[in-house]
Amino acid sequence: MAKQPNREKQTAVLRSAQQKRKEQKREQVFRAIEEIKKSGKPLTFPNIAQVAGCSISYLYKWTELTEYIHDLQSQKTQQLNSLEEKQPGPHSLKTLSEVFKQRIRELSDENRELKRQNQNLRGHVAEIFELKSECERLRTQIKQLTTPESSPKVVSLNSVSKKSDNGELKNPSQEITHLITEKGIKIGVRLKQEIAKHEPERVKLAISAFEQYRGHNSIESPGACLLAMIRDETEPNVPLKAMTPLEDEFERWYCQAIESGFCQDVPKKYLPIQQGEIQVRVNNDKFSSGYELLSWQIAKAKMELDEDSSIS
């Protein structure tokens, strides 16, 4: 019971320190912009990030900073254009040349950034193709498992005698019988035996999963496929729900944390959950495992504090 208040207190302290760092960082970026304007250097994102001591992605992270920088760039371009119009003559070509040189430098910086982003996207595309191959393999495996064997089945005489001693096998409920027969499947002895081994609700879920699977795949032997799904207590796929604002915040932050190398790249569905909070693997060489398991909200605050420390 004492862990929850301590965690909330720790999170509050981290967020308070984070807010102060954010304000200091914004002022540092504005000072860097003024310094570049005075020096006459091109007002580009790489130059601003270098003088301010932050990353380019940080400048794009804050909308107000991005819009402010774009406005300054637009004003400078308009001033140069007006200077060319007001001072035509021998110097106009020189001014135009400077504008082109500046624009070339800006495009070169943007080109380098786009190449870096393109390299990351290539890695994601490779992962998609790997997942596609895995899906094809699993689809083939499911088809093989649901296809009945052609070899003749041998019925033990002992099993027949036991059934005769215990009486006839109990028939499924009327509801389950209706659900199966309306799909054109005959309820044989093996299907009755398998249904009797499971709870009625589990059997209904397996029937729903069978109907969902048959809607997207062709099945050579529906009875054998349904038998396998009841035996494995297969459940239908649940439709995806719309993400909550907190889930959306986690998705966006988690992608940034993995890309920056702050967190290990573990799919969300494999992340543990403790006390209702998703736990992520934060890279940390101090641990023998190479990572530290933290609540994602605490990890997010720690990541932002580390970014603040790198600037100051």
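The largest pocket in this predicted model has a volume of about 690 Å³. Its lining is made up of 19 residues, and His124, Glu127, Ile258, Asp265 and Pro267 lie nearest its centre. Because the model is predicted, local features need pLDDT of at least 70 and side-chain atom pairs count only at pLDDT 80 or more, while totals for chains, interfaces and linings use all residues. Residues are numbered from 1 along each chain as its sequence is written, and side-chain values use heavy atoms, with hydrogens and water left out.

**The largest pocket**

- Here a pocket is an open set of points on a 1 Å grid over the protein atoms alone, with protein on both sides within 12 Å along at least five of seven lines; lining residues have an atom within 4 Å of a point.
- A volume is the space filled by probe spheres set on the points, with grid points joined across faces, edges and corners.
- Helix 5 (90-146) and helix 11 (245-259) are the elements that give two or more residues to the lining of the largest pocket.
- Helix 5 provides the largest share of that lining, with nine residues.
- Helices (H or I, at least four residues) and strands (E, at least two) are DSSP runs, numbered from the N terminus.
- By class, the pocket lining has eight nonpolar, four polar and seven charged residues.
- In this scheme Ala, Val, Leu, Ile, Met, Phe, Trp, Tyr, Cys and Pro count as nonpolar, Asp, Glu, Lys and Arg as charged, and the others, Gly among them, as polar.

- Two cavities of 30 Å³ or more are found in the structure, a cavity being a set of points where a 1.4 Å probe fits but cannot get out.
- The largest cavity holds about 60 Å³ of space, and Lys143, Thr146, Thr147, Tyr213, Ser218, Ile219 and Glu220 line it.
- That lining divides into two nonpolar, three polar and two charged residues.
- The second largest cavity has a volume of about 40 Å³, and its lining includes Lys22, Trp62 and Asp308.
- The elements giving two or more residues to the lining of the second largest cavity are helix 1 (3-39), helix 3 (56-61) and helix 12.

- Three strands form an open sheet in the order 1-2-3, with antiparallel pairing; two strands pair if DSSP finds at least two bridges between them.
- Strand 1 (273-274) and strand 3 (291-295) are at the edges with a single partner strand each, so one side of each has no neighbour in the sheet.
- Strand 2 (residues 277-283) pairs with strand 3 over five bridges, and Gln279 has Ser295 in strand 3 as its bridge partner.
- Helix 12 (residues 296-311) lies across strand 2 and strand 3, at about 115 degrees to strand 3.
- Such angles run from 0 to 180 degrees between N-to-C directions, and axes are lines fitted to C-alpha atoms, for helices over the stretch in contact.

**Aromatic pairs**

- The count comes to six aromatic pairs.
- Phe250 and Trp296 form an edge-to-face pair, 5.3 Å centre to centre with 75 degrees between the planes.
- Phe250 sits in helix 11 and Trp296 in helix 12, so this pair ties together parts that are 46 residues apart in sequence.
- Rings of Phe, Tyr and Trp (its six-membered ring) pair if their centres lie within 6.5 Å; planes under 30 degrees apart count as stacked, over 60 as edge-to-face and the rest as tilted.

Definitions and conventions
Contact = heavy atoms within 4.5 Å.
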